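Please look over the sequence and the model before reading on.

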Amino acid sequence: MATVAFTNGLLVFGGQDLSGDLNQLGLEYSAEILDATTFGVTTRIHKGGLTTVRLTGRGYVQFGSSLVDEALATGLGVDDNVIVVFANAATQGTATDKGFAFKATQSSLTRGGTVGELLPFDVAFEGRGIEGAA
């Protein structure tokens, strides 16, 4: 398996490419763990439950029409926005350029930082379903 340098991440949110304003992305795909333990057993028994997906990102604020802050501020709490994320942009015909797509609700947007630095933001999306892309 080939390793990938994480230098050209791609995030498309609601049809808008936000990659040029981001410097961190994290994709967590997990399953809820259900407790199926019954009386008489001496250890916990777990069953896999519903799957969840969470995307987090960090970048720098740009205020203005059709820029990252407007897209994220108006997307907060809106259901079923389509998210597309790639670790190394979206190029055809390579084995290592894998991506994911899912519908999500933007759950948070935080702006703030230290005096004299670029104004950062943090954003999080909670999704439903996930599809791998080649």
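Does F13 count as buried or exposed? At 5% relative accessibility, F13 counts as buried, where buried means under 20% relative accessible area, exposed over 50% and partly exposed in between, for a 1.4 Å probe and protein chains only.

The model is predicted, so that local features need pLDDT of at least 70 and side-chain atom pairs count only at pLDDT 80 or more, while totals for chains, interfaces and linings use all residues. Residues are numbered from 1 along each chain as its sequence is written, and side-chain values use heavy atoms, with hydrogens and water left out. The mean pLDDT (the predictor's confidence in each residue, from 0 to 100) is 85, and 85% of residues reach 70 or more.

| Strand | Residues | Mean pLDDT |
|---|---|---|
| β7 (lowest) | 120-133 | 80 |
| β4 (highest) | 46-60 | 92 |

The whole structure holds one aromatic pair. F13 and F125 form this tilted pair, 4.9 Å centre to centre with 50° between the planes; ring centres must lie within 6.5 Å, and planes under 30 degrees apart count as stacked, over 60 as edge-to-face and the rest as tilted. F13 lies in strand β1 and F125 in strand β7, 112 residues apart. F125 is buried, at a relative accessible area of 1%.

Terms used:
Helices (H or I, at least four residues) and strands (E, at least two) are DSSP runs, numbered from the N terminus. Rings of Phe, Tyr and Trp (its six-membered ring) pair if their centres lie within 6.5 Å; planes under 30 degrees apart count as stacked, over 60 as edge-to-face and the rest as tilted.
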